[in-house]
Amino acid sequence: MSNTNIFLRSNRLYFEPLEEKHLTPSYINWLNGSKTTQYNSHGIFPNTKQKTLQYIESIQNDSSSVVLAMTEQLSNTHIGNIAIQSIDFINSTCEISIMIGHREYWSQGYGLEAFHRIIQHCFNKLNLNKISIGTTSDNIGMQNIAKKLRMTQEGVRRSEIQRDGKYFDIYLY
């Protein structure tokens, strides 16, 4: 991707604000893909180019969130997004979330690497005190990342998410 606006870097990734240039057919396919969205709120309603563009425009001036495109440095490929959400500067807290859309980058440590870099930014630059992650009880990959990040499971919201006729708990880290 040309015209990069690099905000952060890690060993294999760079992060830049999610912008219209990231709005590709592949990106929209991630948002509509059942495998990619099985553990998040995307994929419930169809996403279109226009709907996704509206979302990208809406986050540009949102001071309570930072949404970054994650790009693999060697291939210069946009592989997913990571977000710092619900930033509360009064209580010094936030939530973080991730979506790796390019499935060929799954299970290679990119999620953990991205979270490490974003958490570092949250503590050192945003001056936050507490970072939270929420994930469904069947999302073993995200639970493993939370454990590797040494996050503590603080709670469970029982039967919070319905998917395919079953209810799943939300684990709060």
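Reply: Two strands pair if DSSP finds at least two bridges between them. Strands (E, at least two residues) and helices (H or I, at least four) are DSSP runs, numbered from the N terminus. This is a predicted model, in which local features need pLDDT of at least 70, side-chain atom pairs count only at pLDDT 80 or more, and totals for chains, interfaces and linings use all residues. Residues are numbered from 1 along each chain as its sequence is written, and side-chain values use heavy atoms, with hydrogens and water left out.

Me: How many bridges join strand 7 to strand 9?

Reply: Strand 7 (residues 134-136) and strand 9 (residues 166-172) run antiparallel and are joined by 3 bridges. G134 has L172 in strand 9 as its bridge partner.

Me: Which sense does the pairing of strand 8 and strand 9 have?

Reply: Strand 8 (residues 155-163) pairs with strand 9 in the antiparallel sense, over 6 bridges. L172 is the bridge partner of G155.

Me: How are two packed helices described?

Reply: By the angle between their axes and the distance between the axes. Axes are lines fitted to C-alpha atoms, for helices over the stretch in contact, and angles run from 0 to 180 degrees between N-to-C directions. Helix 1 (residues 25-32) and helix 2 (residues 49-59) pack at about 95°, their axes 10 Å apart. Helix 1 is therefore roughly perpendicular to helix 2 (65 to 115 degrees).

Me: Which residues meet there?

Reply: Y27, I28 and L31 in helix 1 meet K49, T52 and I56 in helix 2 (contact means heavy atoms within 4.5 Å).

Technical notes: Parallel < 35°, antiparallel > 145°, perpendicular 65-115°, else oblique.
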